[in-house]
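Biologist: Before we talk about helix packing and aromatic pairs, could you put the structure on the screen?

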Amino acid sequence: MNNTKPRTLSLSQRGMNFETLMWLFTRLSALGIYALIIVGLIGALIMGARNQMNFAEVIRWAFNPNLHHVLGTNVADLTPWEGPFWELTASALLLLCVTHGVHGLVVIADDYMVSARGRQIARLLSIVAVLLGSVVGLYMIWFT
């Protein structure tokens, strides 16, 4: 007879806990980041960036669709670039990147920290980093 235990748990035995939700968040936020970058890239190409920007400027716009990235280029008409859609896109990209990145740092810190107190401090610092990065980034996108 084969008395080996299965290496995986059934879905009913796994349950949904915080770690499972954060694992799912990490995967979905990465897909969201890719989608927002593609939206920025396609939007830039549709609005004429292929003729008025070099490749580096188009990629910079795709990763952070902010009006200030277009000001230093040869784009003559800036009205399509200054709508609230692009500010919302940049805000969503910022929030996804900050939370995704800081969660990755927390996972790495959890792997290397032995004490529970150290993990608590790392998580507290990560919350501060998310809040600080988000507030500063959103201020730069919406008010400068």
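Modeller: Here it is, and please keep in mind that this is a predicted model. A place to begin is with Trp61 and Trp86, both of which are buried.

Biologist: What kind of aromatic pair do the rings of Trp61 and Trp86 form?

Modeller: The ring centres of Trp61 and Trp86 are 5.4 Å apart, and their planes stand at 65°. Planes over 60 degrees apart count as edge-to-face, so the pair of Trp61 and Trp86 is edge-to-face.

Biologist: How many residues apart in sequence are the parts that this pair ties together?

Modeller: Trp61 belongs to helix α4, whereas Trp86 belongs to helix α6 (residues 84–112). Trp61 and Trp86 also form one aromatic cluster with Phe85. The parts tied together by the pair of Trp61 and Trp86 are therefore separated in sequence by 25 residues.

Biologist: Is Phe143, which pairs with Tyr139, buried or exposed?

Modeller: Tyr139 and Phe143 both lie in helix α7 (residues 116–143), four residues apart, and their pair is tilted. Tyr139, with a relative accessible area of 45%, is partly exposed. For Phe143 the relative accessible area is 63%, and since the cut-off is over 50%, Phe143 is exposed.

Biologist: How is α2 oriented relative to α4?

Modeller: Helix α2 (residues 18–46) and helix α4 (residues 55–63) pack with their axes 7 Å apart, at an angle of about 135°. Because angles over 145 degrees count as roughly antiparallel and 65 to 115 as roughly perpendicular, α2 is, relative to α4, oblique.

Notes: Residues numbered from 1 in each chain as written. Predicted model: local features only at pLDDT ≥ 70, side-chain atom pairs only at ≥ 80, totals over all residues. Heavy atoms only, no water. Axes fitted to C-alpha atoms, helices over the stretch in contact; angles between N-to-C directions. Helix = DSSP H or I, 4+ residues; strand = E, 2+ residues; numbered from the N terminus. Parallel < 35°, antiparallel > 145°, perpendicular 65-115°, else oblique. Phe/Tyr/Trp six-rings, centres within 6.5 Å; stacked < 30°, edge-to-face > 60°. Buried < 20%, exposed > 50% of the residue type's maximum accessible area, 1.4 Å probe, protein only.
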